[in-house]
Amino acid sequence: MNPRNNPAQGRTPVTEAAVARLAAQTAGPVLLPGNDGYDAECASYNLAIPQQPALVVGAAGAADVQAAVRFAAEHGLPVGVLATGHSALPSDGALLITTRRMDGVVIDAEARTARVEAGVRWQQVVDAATAHGLAPLNGASPTVGAVSYTLGGGLGPIGRTFGFASDHVHLIEIVTADGELRTVTATDEPELFWALRGGKGNFGVVTALEFALFPVRRLYGGGLFFPGEQAAEVLKAWGRWTAGVPDELTSSVALLQLPPTPEVPEPLRGRLVAHVRIAYLGAAEEGERLIAPLRAVTPPLIDSVTDMPYSAVGSIHADPPTPIPFVDRSALLREFTPELVDTIIAQAGPGTGSPLTVLEIRHLGGALGRRPEPTNAIDLGDAAFTFYTVAIGGPDQAEAFQGYLTRLLQAIQPWSTGGRFVNFLGASDATAEGVQATYPPQTYERLAAIKRRSDPTNIFRVNHNIIPGSNE
């Protein structure tokens with residue numbers, strides 16, 4: 001049997017009566033295409049990838065997830081999971097489990113831990129943790145799902161200080177392919193624990209995570225926005241500057257092509273800008289000294305870098321909070337040189353007609369470059385920077401976007417490691433070959449072996465799919 005197709009031969013057919021029996025077992029809704037509420041239940045952040053599953057289950061708790069997984073196994077359906085849909089993949093023909101109702105957050109201030117359920121968004125965790133003077137290793141966007149983000153590694157605004165979010169997970173509750181709810185830790189099922197932290201949704205449906213929090217109350221952070229005409233100078237200055245910054249300083253630089261809408265601050269409307277994002281965990285006075293070379297490049301259009309409470313960390317990147325249609329592609333860079341900047345500007349700078357809304361480079365290193373104990377499946381090798389691009393537009397523009405992005409990635413190839421960060425792997429790159437290239441060969445082989453043991457028929461394949469390894 002081909003585990004990628006997992007045919008339903010010999011399985012129980014999906015009938016309305018079978019669906020009704022499933023609905024009787026679940027607290028949340030069970031909906032077929034055409035049912036009232038189906039479209040709203042399947043709504044995703046990325047509007048360019050509409051979700052059209054054969055069946056959607058709005059899980060209200062772990063028991064609903066168990067019932068849904070057992071139903072899918074019985075009827076030969078692949079299983080997909082949708083929390084927020086920031087990195088959604090097509091779910092056509094699948095049983096889709098939505099987790100937004102599973103939104104519990106429990107903070108143990110004394111132990112400095114958080115327990116979050118599958119549908120929790122990062123702002124919920126930030127708000128709950130900062131009330132106790134603590135901070136999670138959240139994503140740049142407050143609306144991203146905490147669980148899916150962490151399963152893919154989790155590269156956030158204070159990552160250079162503390163590492164990837166997946167480095168600090170203590171416990172995982174997961175429904176596996178047999179429909180059982182398991183508790184996985186470093187001492188209980190250590191191989192599965194290793195694989196889940198970096199293997200995304202390949203090994204089951206994670207219903208809850210427990211992870212560490214850190215004693216962070218404030219930071220010196222924000223953004224420096226410069227005219228696009230000076231983008232080359234800004235990018236080169238930022239590249240030189242990153243070589244000497246301490247681990248307490250995490251930053252990125254982006255070319256932004258912002259629309260001429262009232263939501264965009266007037267100096268930035270309808271123009272190309274270079275945006276340097278800063279998050280420094282030291283004193284504000286030292287942060288001001290550290291970023292002085294960037295402020296000196298050219299007068300910024302907007303300078304929002306200031307001392308702020310950690311609860312405002314989402315304002316640094318200021319990602320769109322509402323759903324949008326987009327195409328994204330990415331790469332990892334071993335270095336960020338003036339020659340690479342010239343290549344980027346030639347492809348996406350002023351006057352190029354670039355369709356990109358965002359072209360971002362994030363600085364790695366610091367704790368991100370040190371292997372945690374216990375280790376996990378995230379290993380970016382010799383990458384020193386990430387390279388991530390977004391073009392906003394509907395499916396009718398996708399082909400043109402993909403052509404442009406392919407040319408851009410080819411142009412920067414001399415500086416690329418050839419790998420990718422799994423959380424930044426766009427839908428068009430989430431092929432078998434693309435996913436395999438995301439991991440070092442030995443890591444992928446280990447993941448595939450664990451997949452074979454935990455999900456031999458590949459029921460969990462509506463994701464950045466790891467194909468079960470052979471028995472040889």
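The model is predicted, so local features are reported only at pLDDT of at least 70 and side-chain atom pairs only at pLDDT 80 or more, whereas totals for chains, interfaces and linings use all residues. Residues are numbered from 1 along each chain as its sequence is written, and side-chain values use heavy atoms, with hydrogens and water left out.

The protein contains 13 helices and 17 strands, taken as DSSP runs (H or I of at least four residues for helices, E of at least two for strands) and numbered from the N terminus. Its radius of gyration is 22 Å, close to the 23 Å that the globule rule gives for 472 residues, so the protein is as compact as a globular protein of that length. The radius is taken over C-alpha atoms, and the globule rule is 2.2 Å times the number of residues to the power 0.38. Along the principal axes, the C-alpha atoms fill a box of roughly 70 × 50 × 50 Å. Buried residues make up 58% of the 472; here buried means under 20% relative accessible area, exposed means over 50%, and partly exposed lies in between (1.4 Å probe, protein chains only). The protein exposes about 18,400 Å², of which carbon and sulfur atoms supply 51%. These areas come from the Shrake-Rupley method with a 1.4 Å probe, and for residues only the protein chains shown count as cover. Of the contacts between residues at least 6 apart in sequence, 73% join residues at least 24 apart, a contact being heavy atoms within 4.5 Å.

Strand β12 (residues 272–280) is largely enclosed by the rest of the structure, because nine of its nine residues are buried. Both of its faces are covered. Leu272, Ala274, Val276, Ile278 and Tyr280 are buried on one side, and Val273, His275, Arg277 and Ala279 on the other. Two strands are said to pair if DSSP finds at least two bridges between them. Strand β10 (residues 218–227) runs antiparallel to β12 and is joined to it by eight bridges, with Phe225 standing opposite His275 of β12. Strand β11 (residues 249–257) also pairs with β12 in the antiparallel sense, over nine bridges. In that pairing of β11 with β12, Leu249 has Tyr280 as its bridge partner in β12.

In helix α4 (residues 122–130), the buried residues are Trp122, Val125, Val126 and Ala129. They cover an arc of only 100° around the axis, which puts them on the same side of α4; the arc is that of the directions from the helix axis to the C-beta atoms. An α-helix has 3.6 residues a turn, so residues three or four places apart point the same way. The buried residues of α4 pack against β5 (105–108), β6 (113–117), α5 (146–151) and β9 (205–212).

A salt bridge is counted where a side-chain nitrogen of Lys or Arg lies within 4 Å of a carboxyl oxygen of Asp or Glu, and by this rule the count comes to 20. One of them joins Arg100 to Glu41, with the closest N and O atoms 3.1 Å apart. This pair links distant parts of the chain, since Arg100 lies in the loop between β4 (95–98) and β5 and Glu41 in helix α2 (residues 38–41), 59 residues apart. Arg100 is partly exposed, at a relative accessible area of 30%, whereas Glu41 is buried at 5%. The side chains of Glu191 and Arg453 also meet in a salt bridge, at 3.9 Å from N to O. Here Glu191 belongs to helix α7 (residues 190–196) and Arg453 to helix α13 (residues 441–454), 262 residues apart. Glu191 is partly exposed, at 31% relative accessible area, and Arg453 is exposed, at 53%. A further salt bridge is formed by Arg295 and Asp303, with the closest N and O atoms 2.6 Å apart. Both residues are partly exposed, Arg295 at 23% relative accessibility and Asp303 at 36%. Salt bridges that share partners join Glu41, Arg100 and Arg101 into one network.

Ala109 lies in the loop between β5 and β6 and is partly exposed, at 35% relative accessibility. Leaving aside neighbours within four places in sequence, Ala109 is in contact with His132 and Leu134. Ala109 and His132 are 23 residues apart in sequence, and their C-alpha atoms are 6.3 Å apart in space.
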